[in-house]
Amino acid sequence: MRLSRFFRRRDRDADLAQELDAHLRHEIDDYVAQGLSVQEATRRAHLALGSTTRVREDIWTRNSLRPLEGMLRDLAYAARTLARTPGFAVMAMFVMALGIGANTALFTVVHSVLMKPLPFADPDHLVMLYERSVDGDYPFNVIAPGVYAEWEKGAHSFERMAIFGSGSYNLSRDSGQLPERIESTRASAEFFPALGVSPAYGRVFDANDDRPQADASVVLSWGLWKRRFGGDKSIVGRTILLDGKTYTVIGIMPSWFAYPDAQTQVWTALHHEIPPQDLVALDNHSFMAVARLKPGVTMRQALSEIDTISHRLREQFGASQPAISPGANMRLLLDDMVHDFKTPLYVLLAATGCVLLIACLNVANLLIARAASRRKEVAIRAALGGSRWRLVREQLSETLLLSAIGGAVGLVLAYFAIHWLVGVRQDIAREESIHMDWIAVTFTVGVTLLSALLAGLIPALSISGRGGLGALHESSRSHTGGQGKTRLRKLLLALEVALTVVLLVGAGLLLKSYQKLRSSDMGCATSNVLTLRLNLPDEHYGHEQRVQFFEQLLTRVRALSGVSAAALVNVVPGQGYGGDNIITIPEHPPLPPGQLQIARRRFCDPGYFAALQIPIIRGRTFTDQERIGRADKVIISQLTADSFFRGEDPIGRHLVVDVGLNNKPQPYEIIGVVGDTRYLISMPPQPMMYFPLLSGLTGRAVIVVRSQHDVTSLAIPVQQIVQSLDKDLPVAYVLTLNQLIGASTIEASFTSTLIVAFAVLSLVLASVGLYGVLSYLVEQRTSEIGVRIALGAQREQVLRLMLLDGLRPAVIGLALGLLGGALASQLIRSMLYGVRPLDIAIFVAVAVVLMLVAAISCLVPAWRASRLDPIRALRVE
Amino acid sequence: MLQGTLDMLVLRTLVTGPAHGHTIAHVIEHSSEEALQVEQGSLYPALHRLQDRGWVSSYWGASENNRKAKFYKLTAAGRKQLVAETSRWRQLVGAIGRVLGEVEG
């Protein structure tokens, strides 16, 4: 009501003017009718009514909202002031937009990923269950199915619990579609009920489906259903072929459901997929478990319950099965999902916070400079009775306008930044939940207001801090002026530099650790190596058929023109864990209880080491004859030799290992020692052992192809060979080895790149600040410098004087920043690889870069000061 | 004139039908036999106030001597308000009269 009157008061005023005019005319008519002359009538009418302007003003004020009107006037005034220095205004808005935009984007990601509750029913009661590894290195280790079974039997703290593991299937070609390798999750019947999710269509499996004898059933992800089956609902109840076997599609999950990860395209029933004898082991750590706590049961109670069970199992069977875990562990499902992303995301958010703070300080600094040049005006206004609040308000409106526009632009920037980020970082957990929502917008508004307050309040308080008269005095003799203000500006500058140094230190550490990471020696050839993965389904391939397939494949791939070498291995370097085994050495005395010897297990063909240029240090590689039935040889890595055969020749010794042959440990004779390779680029090499792939024990293989030049052009011919050998066999993950390794360093690359970008931006801002302050200082001291030069000061002396003056805040800021950087580096310790947090080289480099940039930014104004013409300088007064 | 009485008088004037500002002022003066002089400068703010409160509505029309004028018309709410104010005024006058009556003797 009042608001509508406020906005329509201009119309109403025009209306009133007409009304008053009409009144006058009627009055004049009356007087004329009484016989007065028109002139006299007009005079009397006006006299009777009084001032029409006063009436109009009266109603105008009544219709206006005072605070709102004041604000609009302030904003209009601020806009005019800013328009007078468009360069400054645009710069400030741009900087604010970048700062606010980056903060909004990062906040949105942090909020969506780390804080938003999971989209499951009552997510606070969902926990992940783990075992502690024997060596204590992995407090959250994957679990053994036998231990899980005991938990399920003995624990009462849980409403429901479910076990699941990952797997993959070959989805057969049908109706014109190519065969495809898809990732799956094999889960027990309680899996979906425990999470509290229901399918979009159809149903999920129940206890009846989750049995070895049951008919095979599969639940599809929304994505696969849309892409592969065209979103046809009638697929529910129909069958599809997975690994050549018939599965009935019983349900389709909703589009938002992506658990345990976004790669999962189908869910199958665990107890149907995995034979019962494989689900009793107490020491085969390869499953995950999710559980829902009963209402009122705390995590501590639940943990102590399963921990006791694990303890008991260890006591009972630990002597014969030393890999049984000594205890259990647990964490909230949300913590579990986002655990790896917490530190990097918070570090990025902190960095964007720093950038925004620097931006605000910079704007504040520039405003103080401008306020200084308006000193006289302000003093006169104060002397004429302008209230202090009025002046503060003006300053605040200006920064409010700046940051509001910056915030609006920043919001748009953030929108695109998030879009980009989600595209680049598909690996972030809950990536599908990252959206800008009203909380993000509220955050933006809050940050905008805060920035305005920060950038505006410092200069605002500094202008009105002193009595008007003093300022008038001061500004009449400019060479003595502005001491206090200069000190404030230098302080802000030192702060700015300190923050910049912290960012630079962080950026330097992360960049160096990323470079270390990328340059770590994989232990094998990585360039011009192509990898393609395939999996021969057990249904169609026995041991003999696998070996036959592998040999045909190798012969044909090696015959391709352009192929320098080709080989097969079940897991390539950089691909990850790949499985391990406990080994015993019959030639050695038994190990003391509690000690284990573990080595990673690989299967490869005889040409693998040559193909990947892994050096054979001693002994030899396999022969073609060491195959099914006669594959009793093993090759070990250097680290295995060093760890388990210290001071002796391992060749001719044996390893007793169960790698799946008759499901019991068999002796294998060591025939060679090869160089170490890394299973992950970010991890040191582990003891490794290689068994012949031609043993036919596994149908899982990676084709490794090396070429002299562009190896990617060989991808299609190799896939065609696979197709011609088995038209239902899909090939997956066609990547060069460098791409494969790069994918695992994306986190480090992304974070370090962004932080470096932020640090550079801050450095630019800080140097602009330095330049601005010194220029202002030189201007302030123009006449003083003039006098000095006139009295015979050398120009070099002036240069040095000004340079030192300008560099002092930089030096103070640098010292503070190095200190802060040392503290901050402890916080990012977990993100560093191969770099100590207090890396001297980085700190020195940062100091040098900063001083260099500072010197350059100060040099221009200092040089200008030294070139001052004393006559003109003195005439300035 | 007493605070608030102008509003009441304006509303009373409008009971007989719509009128514009000039008429209202003169009617009040005439009816009071020139005892009350309406300060024309405060009439218009009062009219606008009454309109904002919804007691009168306004429209532009032609006046008796064929000039354009803004007419004010009593609304239902205004009529109710007038009744309330009149009775309150009567009570006030009665009370004051009773007080003064004792001194008169």
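The exercises below, each with a worked solution, concern a predicted model of a complex.

Residues are numbered from 1 along each chain as its sequence is written, while chains are lettered from A and ligands numbered from 1 in the order in which they are written. Because the model is predicted, local features need pLDDT of at least 70 and side-chain atom pairs count only at pLDDT 80 or more, whereas totals for chains, interfaces and linings use all residues.

**Exercise 1.** Describe the fold of chain B and the confidence assigned to chain B.

*Solution.* Begin with the secondary structure, where helices (H or I, at least four residues) and strands (E, at least two) are DSSP runs numbered from the N terminus. Chain B has four helices and three strands, and from the N terminus their order is α-β-α-α-β-β-α. Next take the extent: along the principal axes, the C-alpha atoms of chain B fill a box of roughly 55 × 30 × 20 Å. Finally, consider pLDDT, the predictor's confidence in each residue from 0 to 100; chain B averages 85, with 93% of the residues scoring at least 70. For the complex, the predictor gives an ipTM of 0.86 and a pTM of 0.75.

**Exercise 2.** Work out which parts of chain B touch chain A.

*Solution.* Two residues are in contact if their C-beta atoms, placed from the backbone, lie within 7 Å. The contact takes 14 residues from chain B and 16 residues from chain A. On the chain B side, the elements giving two or more residues are helix 2 (21-31), helix 3 (40-52) and strand 3 (68-74), and helix 3 of chain B supplies the largest share, five residues. In the last step, sort that side by class, counting Ala, Val, Leu, Ile, Met, Phe, Trp, Tyr, Cys and Pro as nonpolar, Asp, Glu, Lys and Arg as charged, and the others, Gly among them, as polar: the side of chain B that touches chain A has three nonpolar, eight polar and three charged residues.

**Exercise 3.** Find the buried residues of helix 2 of chain B, and follow the chain beyond this helix.

*Solution.* A residue is buried if 20 or more other C-beta atoms, placed from the backbone, lie within 10 Å of its own, exposed if 12 or fewer, and partly exposed in between. In helix 2 of chain B the buried residues are B:Gly21, B:His22, B:Thr23, B:Ile24, B:Ala25 and B:Ile28. Their cover includes helix 2 (9-33) of chain A, together with helix 1 (5-13), strand 1 (19-20), helix 3 and strand 3 of chain B. Just after helix 2 of chain B, B:Glu33 takes a positive phi of about 55°, and B:Glu34 has a phi near 65°. B:Glu34 lies in the loop between helix 2 and helix 3 of chain B, and B:Glu34 counts as exposed because it has 8 C-beta neighbours inside 10 Å.

**Exercise 4.** Locate two backbone features of chain A, one at A:Pro260 and one at A:Tyr733.

*Solution.* Most residues other than glycine have a negative phi, and most peptide bonds are trans. The peptide bond from A:Tyr259 to A:Pro260, however, is cis, with omega near 5°, and A:Pro260 lies in the loop between strand 7 (245-252) and strand 8 (266-269) of chain A. A:Tyr733, in strand 21 (residues 732-736) of chain A, has a positive phi near 50°. With 14 C-beta neighbours inside 10 Å, A:Tyr733 counts as partly exposed.
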